[in-house]
Amino acid sequence: WMTLYQDRTWKRRMLQKLALSEGARVLDIGCGTCVLEERYQLRASQVVGIDITGGMLRLAQQKGLRSVSLLGLADAEHLPFREESFDLVVSCYVPKYCDTRRFVGELARVLKPGGSVAVYDFTRPHGLLAPFLNLYIYGFMPVLGRLVAPLDASLAFTCGALPGLIRSTTWDEEIGDALEENDISGGGHEAMTGGVVTVFWASKG
């Protein structure tokens with residue numbers, strides 16, 4: 001609800017950029033509680049999910065999702081997998097936390113030749129909706145964080161930290177070059193919901 005229910009649209013659009021096939025081996029970087037795998041059928045793909053938050057992974061395990069073959073605690077900049085292990089790599093809300101070139105270098109390392117990647121994260125709003133989105137991000141969210149602090153410390157932290165991260169992040173300006181440097185190309189990018197989120201997709205040569 002914090003994304004005004006736009007997260008569903010963003011995830012669906014990201015998946016539309018990929019050629020999902022039965023039996024594909026998929027890495028979900030920053031899988032959280034596996035909302036992506038819970039909401040969308042990945043055509044019997046074998047999903048490996050990683051996250052840096054153990055509590056999220058425990059909640060994901062409790063869902064018992066058949067498409068998820070493995071969940072693990074890991075850092076997006078230091079993936080614990082061999083080279084060319086995955087057909088597809090997806091990631092939601094992770095790039096803003098990472099060094100862009102390290103992040104892309106790692107996902108390129110574990111991606112098979114011919115494999116595809118799609119990621120999205122928050123970016124600075126632009127266009128006609130920008131004033132309203134900026135008011136929501138920089139005005140409403142910090143206030144909400146203070147209101148919910150006595151009830152939910154993690155939500156309060158997110159509401160307090162996210163506006164600053166969105167304001168300062170440059171991942172969307174850097175990722176295009178980083179993908180090209182790692183022989184990942186032939187894709188594109190799309191700003192969604194007034195530019196508050198951008199999705200990038202490409203394939204490894």
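In helix H5, the residues Ile 137, Tyr 138, Met 141, Pro 142, Leu 144, Gly 145 and Val 148 meet Leu 155, Ala 156, Cys 159, Leu 162, Pro 163, Ile 166 and Arg 167 in helix H6, where contact means heavy atoms within 4.5 Å. By class, this contact of H5 with H6 has 12 nonpolar, 1 polar and 1 charged residues. Ala, Val, Leu, Ile, Met, Phe, Trp, Tyr, Cys and Pro count as nonpolar, Asp, Glu, Lys and Arg as charged, and the others, including Gly, as polar.

This is a predicted model, in which local features need pLDDT of at least 70 and side-chain atom pairs count only at pLDDT 80 or more, while totals for chains, interfaces and linings use all residues. Residues are numbered from 1 along each chain as its sequence is written, and side-chain values use heavy atoms, with hydrogens and water left out. The protein chain has a mean pLDDT (the predictor's confidence in each residue, from 0 to 100) of 89, and 98% of its residues reach 70 or more.

Two packed helices are described by the angle between their axes and the distance between the axes. Axes are lines fitted to C-alpha atoms, for helices over the stretch in contact, and angles run from 0 to 180 degrees between N-to-C directions. Helices (H or I, at least four residues) and strands (E, at least two) are DSSP runs, numbered from the N terminus.

| Helix pair | Axes come within | Crossing angle |
|---|---|---|
| H5 (residues 130-148) and H6 (residues 153-168) | 7 Å | roughly 160° |
| H4 (residues 100-110) and H7 (residues 171-181) | 9 Å | roughly 40° |

The angle makes H5 roughly antiparallel to H6, and H4 is oblique to H7. Angles under 35 degrees count as roughly parallel, over 145 as roughly antiparallel, 65 to 115 as roughly perpendicular and the rest as oblique. H5 and H6 cross in a left-handed way, whereas H4 passes H7 in a right-handed crossing. A crossing is left-handed if the near helix is turned anticlockwise from the far one by less than a right angle, and right-handed if clockwise.

On the H4 side, Thr 100, Arg 101 and Val 104 meet residues of H7, among them Trp 171, Glu 174 and Ile 175. The contact of H4 with H7 has 5 nonpolar, 1 polar and 4 charged residues.

Most residues other than glycine have a negative phi. Glu 84 has a positive phi near 55° and lies in the loop between strands E3 and E4.
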